[in-house]
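Please read the points below with the model open beside you, and look up each residue as it is named.

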Amino acid sequence: MLDSLVVLLRAAIFASLLQAAGVVLLLGLFKSNLTVSKHPICLLGGRAAFFGIFLILARYLIEPARLTGSLAGIFDISIHEFLITSNLGATQFLRLLGLIIVGISLRESSDIRQRIGFFGVILIVSSFSFMGHTAASEQRWIISILLTIHLLLAAFWFGALVPLRLISSLETAKIAGRLIGHFSKVAVYTVPLILLAGFGITVLLLPSINSLRTPYGILLISKTVGFIALMGVAALNKFKLGPSVATGSERSLKSFKRVVSFEILLIVLVLTLTATMTTLYSPEH
């Protein structure tokens with residue numbers, strides 16, 4: 001029961017972290033091209049940061065009960081002392097600090113706040129290297145570098161999807177088409193790097209090819225299939241829907257919104273698989 005709750009919380013935390021960080025990255029690249037959608041996008045990022053803070057605190061409070069097998073563990077001071085000084089404590093601290101910084105940076109649009117927001121994004125992304133299989137691996141530093149690249153690019157992609165839907169709803173077709181085109185040009189080069197970095201991490205973490213037959217390996221394969229499907233949808237946006245939206249086609253704009261919604265659902269599925277892998281299983285079992 002508690003394991004399932006932790007999986008759901010971790011998946012929601014992943015989504016909140018990537019959404020908040022992705023908004024900062026998107027604004028850093030395309031802020032000057034936005035008009036009426038800029039404020040709603042900032043609100044989206046701020047709310048994702050606030051929601052992420054709430055989820056992280058909830059996740060932390062559940063961990064003592066999970067470790068002790070009893071809700072009474074929540075009130076055990078010794079357990080809290082252990083958690084705060086552990087890798088989990090360092091991870092949660094970096095994430096909370098990163099989300100607070102991101103949330104503050106999105107309250108006002110300025111170059112200084114934008115740079116502060118980037119610092120928050122770095123804290124969020126780097127937090128993933130302090131716990132789990134990465135922290136325990138002998139190749140920790142190599143994996144950390146690959147993981148940072150993997151997460152930065154994933155945050156940019158995932159974090160841009162809801163803003164792109166807002167842009168397609170609020171901006172004129174001409175502006176929306178131009179922004180979708182700009183995003184697609186960046187995504188077509190960066191999205192494959194997400195897969196390549198993930199492949200590098202997998203090679204370093206898995207003890208052998210036979211590990212793909214374990215529950216961890218099966219979930220990893222499922223996650224990869226989901227990601228490849230996402231790349232196919234991204235290609236559709238890049239080569240068909242994006243250019244068509246730029247011509248002012250209302251029909252293409254509606255199709256683009258539906259496709260983006262499908263992308264969001266696929267990414268949520270991938271994040272849930274990731275949370276299940278990292279919570280319940282390990283590459284060795």
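Predicted model: local features only at pLDDT ≥ 70, side-chain atom pairs only at ≥ 80, totals over all residues.

1. Residues are numbered from 1 along each chain as its sequence is written, and side-chain values use heavy atoms, with hydrogens and water left out.

2. Two packed helices are described by the angle between their axes and the distance between the axes. Helices here are DSSP runs (H or I, at least four residues) numbered from the N terminus, and the axes are lines fitted to C-alpha atoms over the stretch in contact, with angles running from 0 to 180 degrees between N-to-C directions.

3. Helix H7 (residues 140–170) and helix H8 (residues 173–205) have axes that come within 8 Å and cross at roughly 150°. H7 is therefore roughly antiparallel to H8, where angles under 35 degrees count as roughly parallel, over 145 as roughly antiparallel, 65 to 115 as roughly perpendicular and the rest as oblique. The residues of the contact of H7 with H8 divide into 23 nonpolar, five polar and no charged; in this scheme Ala, Val, Leu, Ile, Met, Phe, Trp, Tyr, Cys and Pro count as nonpolar, Asp, Glu, Lys and Arg as charged, and the others, Gly among them, as polar.

4. A second pair is formed by H1 and H4, which pack at an angle of about 40° with their axes 10 Å apart, and H1 is therefore oblique to H4. On the H1 side the contact (heavy atoms within 4.5 Å) is made by Ile 13, Phe 14, Leu 17, Ala 20 and Val 24, and on the H4 side by Arg 95, Leu 99, Val 102 and Ser 105. By class, the contact of H1 with H4 has seven nonpolar, one polar and one charged residues.

5. Which residues touch the most other members of the largest nonpolar core? Among its 77 residues, they are Trp 157 and Phe 183. A nonpolar core is a set of buried Ala, Val, Leu, Ile, Met, Phe, Trp, Tyr and Cys residues joined through side-chain atoms within 4.5 Å, and buried means under 20% relative accessible area, with exposed over 50% and partly exposed in between (1.4 Å probe, protein chains only). The elements giving two or more residues to this core include helix H1 (2–30), helix H4 (87–105), H7 and H8, and H1 gives the most, with 17 residues. Apart from this core lies another, of five residues, among them Tyr 60, Ile 79, Leu 83 and Met 131.

6. Phe 183 is found in helix H8 and counts as buried because its relative accessible area is 6%. Not counting residues up to four places away in sequence, Phe 183 touches Phe 30, Phe 156, Trp 157, Ala 160 and Leu 164.

7. Phe 30 has its place in helix H1 and is buried, with a relative accessible area of 8%. The C-alpha atoms of Phe 30 and Leu 179 are separated by 7.6 Å, although these residues are 149 residues apart along the chain.

8. Leaving out residues up to four places away in sequence, Ser 37 touches Ile 167, Leu 170 and Glu 171.
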